[in-house]
Amino acid sequence: MSKKQFYIYKGFERFWHWMQAILIFFLAFTGFEIHGTYSFFGFRDAVRYHNVAAYMFIGLIVFAIFWHLTTGEYKQYIPTLVNIKAQLNYYIFGIFRNAPHPTKKTVLSKLNPLQKLTYFGLKILVIPLSLTSGLLYIFYRYPSRHGIKAINIETLEVIAIVHTVAAVLLVAFIITHLYLITTGETLTSNLKAMLTGYEELEDMHHTEQKEKK
Amino acid sequence: MKKIVLILAFFGLLVIIAIGSLSQRDIEPTTLIKLKEKYSKVEQPSVNHGRFEILKQKFNSPQEVTKACQSCHNTTAHQVMNSNHWNWEREEYVKGRGVIYLGKRNAINNFCIGTQGNEKSCAKCHVGYGMDSKGEVYTDSLNIDCLVCHDNSETYAKAPEKGGAPLMNLDFNKIAQSVGKPKRTNCGVCHFYGGGGNNVKHGDLEMAMFEPTKDIDVHMGTDGMNLECTDCHTTIQHNIAGKVYSLSSMNLNRNNCEQCHTDTPHTDDILNEHTLKVACQTCHIPNYAKANATKMYWDWSTAGRLKNGEPFVEEDSMGNHAYMSIKGSFVWEKNVKPDYIWFNGTASHYLEGDKIKDTTKALILNKLHGSYSDDEAKLIPVKIHKAKQPYDPVNKILIQPKLFAETKGEGAFWKDFNWQTASEEGMKDAKLPFSGKISFLETEMYWPVNHMVASKENSVNCNECHTRDESRLAGINDFYLPGRDYSALVDTGGKWLIILSLTGIFIHALFRFYASKKIKQRAINE
């Protein structure tokens with residue numbers, strides 16, 4: 001089998017990924033300060049920075065959704081059960097025996113079934129949860145005298161707790177994500193790919209041709 | 001190339017958003033500039049009272065001065081006689097009681113308890129002359145004391161224990177010719193000394209407010225805007241805006257910061273949003289009793305001790321009375337952090353003769369109403385004054401003792417030091433039953449703190465409330481406060497999720513490390 005450098009992460013994709021990484025880190029850092037876990041910027045600045053970062057994140061998400069829809073890249077994230085057991089088996093057993101990755105990474109299908117499931121969950125569940133609760137948190141209306149009663153939210157408690165849950169899930173994801181990027185062909189091959197866009201993959205087309213001959 | 005342009009454009013957009021939202025416009029709000037302009041103009045009086053012949057006559061009594069005033073101000077008397085400064089009560093509607101007349105005449109406080117039977121002494125702070133328990137003073141307009149409020153010579157003074165009459169050695173001509181709008185000295189002479197001494201009652205109104213610096217009060221500071229009391233407490237026909245809830249019940253005729261500063265005075269939207277639920281004073285008065293200590297606790301139960309048959313006084317480290325035979329023991333505090341409560345502008349009071357429902361806990365003499373879910377309520381800072389005062393354990397009512405008399409033997413506590421006779425006489429004056437039994441009960445009064453406003457730089461910081469430990473709002477738990485509150489379940493669950501993830505990763509990585517070593521070893525062996 002021959003290997004070849006493939007351009008798998010496009011410019012915008014990489015920009016989106018790293019921008020998102022920075023923003024989520026920053027949002028988590030300021031967010032948990034607002035939550036009262038520790039004190040660093042001071043409550044007031046933490047709130048201000050958190051809100052600014054939140055709007056930047058929303059802006060980024062709008063661009064990302066546009067990109068995914070127009071390029072059709074969203075299809076990469078549609079979950080599948082095919083190979084899911086093999087992938088789990090790989091992380092639990094195969095990886096220790098230097099077994100090959102059960103899912104072949106290609107330009108058209110660069111996510112393994114576990115990734116598809118996790119990222120799909122993030123995009124459909126955790127990020128929207130975080131975003132909606134966050135926007136409600138910002139635009140929360142105190143019970144007020146002359147306002148429209150129907151849009152009053154009597155307490156911030158539920159909103160704040162949902163927002164915290166989403167944040168905890170994101171932090172847990174990041175920790176696991178940071179570890180799993182070391183499980184590529186080499187320790188750093190996944191990281192390099194996300195930085196440069198290029199990754200050395202099996203040249204399926206080439207291999208097939210060879211076999212025919 | 002195209003991509004780079006797109007990325008740069010995107011970055012540019014993000015930078016603009018970031019700068020736009022982070023930059024604080026450093027122009028002060030125009031309302032503040034307008035206010036400063038308005039209040040820096042010194043108003044010139046339209047009349048020089050020194051030129052009126054009638055004020056040059058010889059005055060033999062203060063009533064003659066009042067008569068002279070009324071010769072020109074001939075429709076003013078009824079204004080004063082309808083005011084609560086004159087009547088010591090105002091009409092209030094209280095839920096559960098209906099329309100009542102509430103004031104010093106019938107309310108009980110936890111300082112000198114009440115006025116009934118003690119009028120001659122208490123009347124030193126009445127805008128009239130000749131007060132006694134019969135109450136005839138209220139019908140004669142010549143008994144109006146114009147001078148206590150309008151003297152601008154700063155020489156007028158009332159005599160102690162004379163029913164409101166002034167000292168008789170005053171130069172009434174000089175005083176009468178000086179009259180003008182009330183100054184801080186006119187208001188302060190009563191309102192700074194209520195309860196029998198400087199800063200006993202309010203905590204935020206005391207003699208330092210005669211000539212305060214900006215550090216004491218940003219509005220009244222003589223090195224700043226130098227506002228008079230009446231600049232905020234605007235007055236129409238002797239009806240003065242603003243009142244204190246030791247003696248008020250209705251959400252009416254209140255004075256507030258918003259009437260000048262609007263309810264969205266900040267450039268920061270998040271701060272403006274606070275004004276819906278948080279009163280301005282809550283953040284802008286970080287502490288009160290800044291210059292002199294205020295009385296926080298008054299224990300009547302220790303009163304009456306004598307040394308060699310004589311009453312005595314002891315002082316604390318700050319030089320304040322710590323014990324007085326006539327009044328009992330006190331605790332004073334300086335630079336006090338306020339307590340905070342929800343307040344919707346209505347209050348209910350313990351009035352003379354009310355049955356005490358529960359004598360096992362402190363009786364609140366003026367309960368301020370409000371809660372988080374109350375649309376009208378805001379968080380306000382208060383001074384909570386605690387006391388122990390006499391009550392009748394059989395009839396379950398607070399005792400109004402007779403405290404003041406001119407001579408011994410009339411039963412007054414301050415002369416005879418006998419709770420039994422003082423209670424009997426006092427309850428007789430108040431026309432209330434008395435069983436003959438005396439006990440002492442804890443009582444509390446809530447004094448909203450509205451003065452001694454700090455500069456914006458010295459206001460309360462966000463993290464003094466939005467913090468888990470020692471939040472200023474630690475006691476108010478009927479709402480979720482970011483930074484202070486959290487779900488214990490989510491926080492513990494989240495902690496464990498992260499701990500387990502990290503442990504899992506660590507174990508997995510360890511296995512991988514040894515497995516790869518083994519594989520390499522095998523490769524070498526083969």
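Colleague: How many salt bridges does a search of the whole structure find over all chains?

Modeller: This is a predicted model, in which local features need pLDDT of at least 70, side-chain atom pairs count only at pLDDT 80 or more, and totals for chains, interfaces and linings use all residues; side-chain values use heavy atoms, with hydrogens and water left out. Residues are numbered from 1 along each chain as its sequence is written, while chains are lettered from A and ligands numbered from 1 in the order in which they are written. A salt bridge is a side-chain nitrogen of Lys or Arg within 4 Å of a carboxyl oxygen of Asp or Glu. Over all chains, the number found is 18.

Colleague: How many residues apart are B:Glu43 and B:Lys181?

Modeller: These two residues form a salt bridge, with the closest N and O atoms 3.4 Å apart. B:Glu43 lies in the loop between helices H2 (30-40) and H3 (62-72) of chain B, and B:Lys181 in the loop between H8 (172-178) and H9 (184-191) of chain B. Helices (H or I, at least four residues) and strands (E, at least two) are DSSP runs, numbered from the N terminus. The pair thus links distant parts of the chain, at a separation in residues of 138.

Colleague: Is B:Lys181 buried or exposed?

Modeller: Buried means under 20% relative accessible area, exposed over 50%, and partly exposed in between (1.4 Å probe, protein chains only). B:Glu43, at 61%, is exposed. B:Lys181 has a relative accessibility of 55%, so it counts as exposed.

Colleague: Are B:Asp145 and B:Lys158 buried or exposed?

Modeller: Their side chains meet in a salt bridge of 3.0 Å, N to O. B:Asp145 sits in the loop between H6 (119-122) and H7 (146-150) of chain B, and B:Lys158 in the loop between H7 and H8 of chain B, 13 residues apart. In terms of accessibility, both B:Asp145 and B:Lys158 are buried.

Colleague: Which strand of chain B holds B:Glu444?

Modeller: The side chains of B:Lys386 and B:Glu444 meet in a salt bridge of 3.8 Å, N to O. B:Lys386 belongs to strand E13 (residues 378-392) of chain B, and 58 residues separate the two partners. The strand that holds B:Glu444, residues 439-448, is E15.

Colleague: Which residues touch the most other members of the largest nonpolar core?

Modeller: A nonpolar core is a set of buried Ala, Val, Leu, Ile, Met, Phe, Trp, Tyr and Cys residues joined through side-chain atoms within 4.5 Å. The largest such core has 33 residues, and those touching the most other members are B:Trp298, B:Tyr350 and B:Leu398.

Colleague: Which elements do the buried residues of H6(A) pack against?

Modeller: The buried residues of H6 (189-196) of chain A are A:Ser189, A:Asn190, A:Ala193 and A:Met194. Viewed down the axis of H6(A), they fall within an arc of 135 degrees (directions from the helix axis to the C-beta atoms), so they line one face of the helix. On the other side of H6(A), A:Lys192 and A:Leu195 are exposed. The buried residues pack against three elements of chain A: helix H1 (11-34), helix H5 (157-180) and strand E2 (198-202).

Terms used:
Contact means heavy atoms within 4.5 Å.
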